[in-house]
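Here is a short report for a reader meeting this structure for the first time.

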Amino acid sequence: MMSSEGQCSQSLWTGVSTCAISAFVTWLALGFDPRSGLLEHILQLVFRLGAIGDTCSLDPGDPATEAKIRRRDKIPKTEILTRILCWWYGFKHDTMSVKRSGGGDEMILIHILRPTGKQNAPAPLPLVILFHGGGMVEGSAMDVGLPLLGILGLFSKRAVVASVEYRLAPRHKFPKGIEDCIDATTALFHAAEDLGCDKDNISIAGLSAGGYCAAVVHRHCAQRKLKLRYCAMFAPMLRYEPTSFSWVQHADQFSLLTKKMIWYWQCYCDPSDLPDPRCSPLAAQDLGELGRELAACLVATNTLDILEGEGTEYARLLAAAGVEVQHFRVHGGHFTGFVSDWQGRRAPLAAWERAVFQVAQLEDITAQPEHARSTLPAKRHAA
């Protein structure tokens with residue numbers, strides 16, 4: 001048994017390590033520009049250490065798996081960083097709850113981040129709706145993934161940000177989680193004016209599984225004639241295909257292992273669900289019909305990510321349907337590329353910024369590295 005001195009020493013080391021990592025990640029998120037090559041290797045090492053004892057060893061069909069995942073999610077981890085970033089960028093945290101469309105008394109929790117102090121944009125403000133990542137199995141609406149992309153800094157003092165707490169698998173399998181995202185977005189459209197927002201300037205965004213949610217909600221809004229201003233999909237998961245080129249080529253990238261992605265899909269849905277475009281957006285057959293209704297969007301992928309192939313394919317499908325879409329390739333692994341390649345991630349953020357605030361060019365992105373530029377010409381709707 002460990003002595004009290006040993007326990008104290010271990011606790012001290014854990015506390016110091018946590019503070020050091022928190023300070024480093026916060027330092028990155030606030031806009032500093034380290035050498036992306038070295039940083040990418042460091043981040044991959046961190047993910048490699050994190051892969052030890054990972055949840056993908058758990059059986060999705062085991063009733064105990066849900067409890068183990070939630071127990072792991074209860075550790076504060078990155079939510080502390082998110083709250084630090086909210087404070088730094090001048091957001092006040094609040095919450096609201098909306099009803100699910102299926103009836104009953106269950107509610108969907110939405111985190112609302114409102115600008116404090118003097119605003120840098122005229123009222124009413126744009127509304128930005130975020131969907132977090134985690135394979136539809138892990139994570140929470142206050143995870144640090146999207147804030148680390150620079151989204152809070154992008155909209156500081158000039159937009160209201162809403163982050164949706166949707167239900168997670170394996171307890172809540174498809175379509176429950178994505179239905180929450182749809183219901184929350186619909187409710188926010190109706191509540192926009194009460195939140196002090198412009199109902200004609202609502203955009204959605206997501207990272208990884210959140211990018212999948214954004215893709216599905218993007219299509220749903222077009223079907224229901226809900227006018228989105230913009231949709232930003234960062235490294236979206238869009239299809240279960242373990243034999244695809246990207247899944248095989250980048251299988252050992254520790255920021256997102258192929259075996260982990262397979263486990264996410266096994267937890268999230270049954271094989272019979274895969275043809276449903278709400279489950280696999282690449283299966284949608286009506287993009288051509290919806291082309292005129294689908295909002296302008298961007299798809300940002302990472303060059304060393306198992307999800308790059310499906311993101312690239314989806315961007316091409318949208319372009320073929322006549323949607324105004326841009327595809328950006330950012331160097332690095334899944335998510336780590338958006339953190340380590342500071343120059344690369346500026347390009348999609350600048351495109352999103354121009355769309356939301358309807359300005360010509362807020363910053364020059366022509367000097368960005370070739371891999372960060374749009375790889376698809378933007379197609380505009382026919383007049």
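Asp286 sits in the loop that links helix H10 (258-268) to helix H11 (287-290). The model is predicted. Asp286 has 14% relative accessibility, so this residue counts as buried. Its side chain makes a polar contact with the side chain of Gln223, at 3.2 Å. Setting aside neighbours within four places in sequence, Asp286 is in contact with Arg219 and Gln223.

Next comes the sheet. It is open and has 8 strands, in the order S1-S2-S4-S3-S5-S6-S7-S8. The pairing is mixed. Strand S1 (91-99) and strand S8 (325-330) are the edge strands, and each pairs on one side only. From one strand to the next, the twist averages 20°.

| Strands | Sense | Bridges | Residue pair |
|---|---|---|---|
| S5 (residues 197-207) and S6 | parallel | 5 | Ala205 and Ala232 |
| S7 and S8 | parallel | 6 | Leu298 and Gln326 |

5 of its 5 residues are buried, so S6 is largely enclosed by the rest of the structure. Tyr230, Ala232 and Phe234 point one way from S6. Cys231 and Met233 point the other way.

Helix H7 (residues 176-191) touches S1, strand S2 (107-115), strand S3 (125-131), strand S4 (160-165) and S5. The direction of H7 makes about 50° with that of S2. H8 lies across S3, S5, S6 and S7, and runs at about 140° to S5. S5, helix H8 (residues 209-223) and S6 form a right-handed β-α-β unit.

What about the interior? In soluble globular proteins, nonpolar side chains tend to be buried together. Here the largest nonpolar core has 73 residues. Those with the most contacts inside this core are Phe131, Leu188, Tyr212, Met233, Met261, Tyr268 and Leu318. H8 supplies the largest share of the core, 9 residues. A second, separate core has 37 residues, including Cys86, Leu130, Ala159 and Ala300.

Which residues does Leu318 contact, leaving aside its neighbours within four places in sequence? They are Met233, Leu287, Leu294, Cys297, Val323 and Val325. Of these, Met233 belongs to S6.

Key: Residues are numbered from 1 along each chain as its sequence is written. This is a predicted model: local features need pLDDT of at least 70, side-chain atom pairs count only at pLDDT 80 or more; totals for chains, interfaces and linings use all residues. Side-chain values use heavy atoms; hydrogens and water are left out. Helices (H or I, at least four residues) and strands (E, at least two) are DSSP runs, numbered from the N terminus. Buried means under 20% relative accessible area, exposed over 50%, partly exposed in between (1.4 Å probe, protein chains only). A polar contact is a pair of N or O atoms within 3.5 Å; within protein, one must be able to donate a hydrogen and the other to accept it, and residues adjacent in sequence count only if both atoms are side-chain atoms. Contact means heavy atoms within 4.5 Å. Two strands pair if DSSP finds at least two bridges between them. A crossover is right-handed if, with the strands pointing away from the viewer, the path from the first strand over the helix to the second runs clockwise. A nonpolar core is a set of buried Ala, Val, Leu, Ile, Met, Phe, Trp, Tyr and Cys residues joined through side-chain atoms within 4.5 Å. Axes are lines fitted to C-alpha atoms, for helices over the stretch in contact, and angles run from 0 to 180 degrees between N-to-C directions.
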